[in-house]
Amino acid sequence: MSATEEFLEANQRYAETFSKGDKPMPPAKRVAVVACMDARIETGRLLGLEEGDAHVIRNAGGVVTDDVIRSLAISQRLLGTREIVLIHHTDCGMLTFKDEALKSEVEKDTGLRPPFAFEAFADVEDDVRQSIRRVRASPFVVHKDSIRGFVYEVETGRLREIDA
Ligand code: ZN
């Protein structure tokens, strides 16, 4: 059975006892979380979130890209979030390659050089600081009173705050 088929079975069981269909669209905790897509990070459980609590925006690295800014702008402007939490983590895949080398590999395989940056980084704490700076520098993110960055330790389950 494929993973997708397993998901459909799991979802049937989930829906049988589902009782949270009356939540409003704006996040109750008025927070947006930006996190890496790493499979070991269960943002809901590690932050104690429930349905309706927070926006969670994820990509490879938890990098603050233009598209993350797009989501943050919508999150703040239309859905009332006021805090931003950035989460990178130990043992991130983004630490294992270099942009230029991966671009060259992709170009060799496909004949096309990706026009986008993969945004690999060499130091996870430095990249948290870079992410905080990018959010602060964006004119489209208006509410900047609470922008905090963390490294999640996949080994311990703990969040460690990084000083901007
Ligand atoms: Zn990662």
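His-89 and Cys-92 are both buried; buried means under 20% relative accessible area, exposed over 50%, and partly exposed in between (1.4 Å probe, protein chains only).

The model is predicted: local features need pLDDT of at least 70, side-chain atom pairs count only at pLDDT 80 or more, and totals for chains, interfaces and linings use all residues. Residues are numbered from 1 along each chain as its sequence is written, and side-chain values use heavy atoms, with hydrogens and water left out.

Helices (H or I, at least four residues) and strands (E, at least two) are DSSP runs, numbered from the N terminus. Glu-83 belongs to strand β3, residues 83-89, and is partly exposed at 38% relative accessible area. Leaving aside neighbours within four places in sequence, Glu-83 is in contact (heavy atoms within 4.5 Å) with Arg-30, Val-31, Ala-32 and Ser-146. Thr-81 sits in the loop between α3 (66-79) and β3. Thr-81 has 0% relative accessibility, so this residue counts as buried.

Now consider charged side chains. A salt bridge is a side-chain nitrogen of Lys or Arg within 4 Å of a carboxyl oxygen of Asp or Glu, and the count by this rule is 13. Arg-40 forms one with Asp-38 (2.8 Å, N to O). Asp-38 is buried, with a relative accessible area of 14%, whereas Arg-40 is partly exposed at 39%. Arg-40 also meets Asp-91 in a salt bridge (2.8 Å, N to O). Arg-40 lies in the loop between β1 (31-36) and α2 (43-47) and Asp-91 in the loop between β3 and α4 (99-110), so this pair ties together parts that are 51 residues apart in sequence.

Another salt bridge joins Glu-125 and Arg-160, with the closest N and O atoms 2.7 Å apart. Glu-125 is in helix α5 (residues 124-137) and Arg-160 in strand β5, so the pair links parts 35 residues apart in sequence. Salt bridges that share partners join Glu-125, Asp-126, Arg-129, Glu-153 and Arg-160 into one network.
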